[in-house]
Amino acid sequence: MAYFVLPGRGKRVYRLAIARRIVDSSARGARDRSAAGHARRRTRVLRRALRPPRRLQIGLGPWLRALPARLPDPALTAALSRLDPYVRVAYVLRIVEGMPRYAVRDQLIELRVRDPWRVIRAAEVVEVPVPRRADRFEPALLRPVRTRSVLPFAAAVLLTAALVGALLTTEREGPREAAARGLSLVAAAPGAWTRGARSLDVWPARGDLAGDRAFTRRAAGAWAAAPEGRRPDSGAAQLLYAGRLDGAPLAVMRSGGRLARYAPGRLDVAAIGADPSAPIALGGGRYLLAPWDARPETLAGRRLATSGGVTAPVRPGTECGRGPLFHLGSRTVGDLGGARAAVLGHRAPDRRPGGRDGQARLGRTARSFWERLACAVPAPSRPVSAAMAFDFWSGTLPHGGRHADWACTRFTYADGGAAAFATLLAAEPQGTGACDAGRPVSGTWWRAPSGRWYYLAAAGRGLVPHAEGVRRPVTRDRLLRAGGVPGTPVALTAR
């Protein structure tokens, strides 16, 4: 027990020797023989194993000479060492020692854990390497550790009996299985999302292959063996989905801010962001929903079929494949080319700058606007979690031009940060540079149907555009029109 709870540092021989030394030093003779005394001793062992003093590494000779010939396999301890220390304690007590949940709770309270039930639930969903066969130490072959403390032989036997299952036999593995041993794959409890704050951590593992350890091990191994820069953020990954889509197996895993989608022969890795509710694209137009989003609706307001948290195929109705997808409660999500659907927002042209934005479903006009805009803006270079399109000017372009809209689209990126870009939605849409969604103004050189060039600029409601570097500027209805040589630098402001 002490060996498993120790932090995962150093060689096995030293860790096992330190574990035995901790148990030796915790002995209190006859006082430990009662049930209450045994519980007190276990608490002393756990406290020292959680935070072993450095002095325990000095003078380990007697304990090193008393080690058994066969040492515990490192796979289990490597997986446990990546857990939170108290989760590791709960796992050892609950799974290795087989203690009932109430006894584990009492022990964690003795260790001054504030929320023991949360720790126990986290430990119960941990997945660690499963042994093919488990062996016991043979008590008769153990040599007692005799130091000045004179540990009785019986105590040494009890210590070794606590290492049941520690010796794991290993077999030859392929490179991916070997890599998987270094990546612990865990899953949240099915009802974890109902008992606390909503986050990605409480998404359960769904799909008909979630219990197929051979498949999920291959998926974990493929991710662990990925090139530098695409590997998991840590030594543990959360399984979100493992199932068949159109007959093909697929696994979706998350580690920190990265998401991996694995299919045999292919691995895609992307930023996932911290949004607890954004649907995850599985491919084929299907999306994995947050467990609390149970009733998605189509853009027409009809219920969108789901099975096991996965939607029926749904795709944007645009030529470029980007745009609004479906409604989720008070928000509308769309595909902007990332690993997760992004929440889409819209501001009408009559909206004054500086107003606060709240989540709201896109109406028919807003969806139509996004269907034009999604194909006009360049594909984001980074995954986007939310996008707000401010249609800050709408009207007819001069000199024979047609109706047009000027939009300032603010992208909030999944990996942090934000940026806003302006787009003139005319007969031939064109990007017009960066913009400020709070005080939108943008300008560009534009060619009229007559073939002549003009400089055009527009600003949001309550603002007037001003340009320097052009000839004879005229402003009407917040649209500035001027002459000049195309490509001439222009200083544009709004006030």
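**View 1. Cavities in the predicted model.** A search of the whole structure finds 2 cavities of 30 Å³ or more. A cavity here is a set of points, on a 1 Å grid over the protein atoms alone, where a 1.4 Å probe fits but cannot get out; a volume is the space filled by probe spheres set on the points, which are joined across faces, edges and corners. This is a predicted model, in which local features need pLDDT of at least 70, side-chain atom pairs count only at pLDDT 80 or more, and totals for chains, interfaces and linings use all residues. Residues are numbered from 1 along each chain as its sequence is written, and side-chain values use heavy atoms, with hydrogens and water left out.

**View 2. Lining of the largest cavity.** The largest cavity holds about 60 Å³ of space. Its lining residues (an atom within 4 Å of a point) include Ile 272, Asp 275, Arg 340 and Pro 383.

**View 3. Salt bridges of Glu 124.** A salt bridge is a side-chain nitrogen of Lys or Arg within 4 Å of a carboxyl oxygen of Asp or Glu. Glu 124 meets Arg 94 at 3.1 Å, N to O, and Arg 101 at 2.8 Å, N to O.

**View 4. Salt bridge between Arg 361 and Glu 297.** The side chains of Arg 361 and Glu 297 meet at 3.0 Å, N to O. The two residues are 64 residues apart in the chain. The structure holds 13 salt bridges.

Conventions. 1 Å grid on protein atoms, 1.4 Å probe; cavity = no way out; pocket = protein on both sides within 12 Å on 5 of 7 lines; lining within 4 Å. Helix = DSSP H or I, 4+ residues; strand = E, 2+ residues; numbered from the N terminus.
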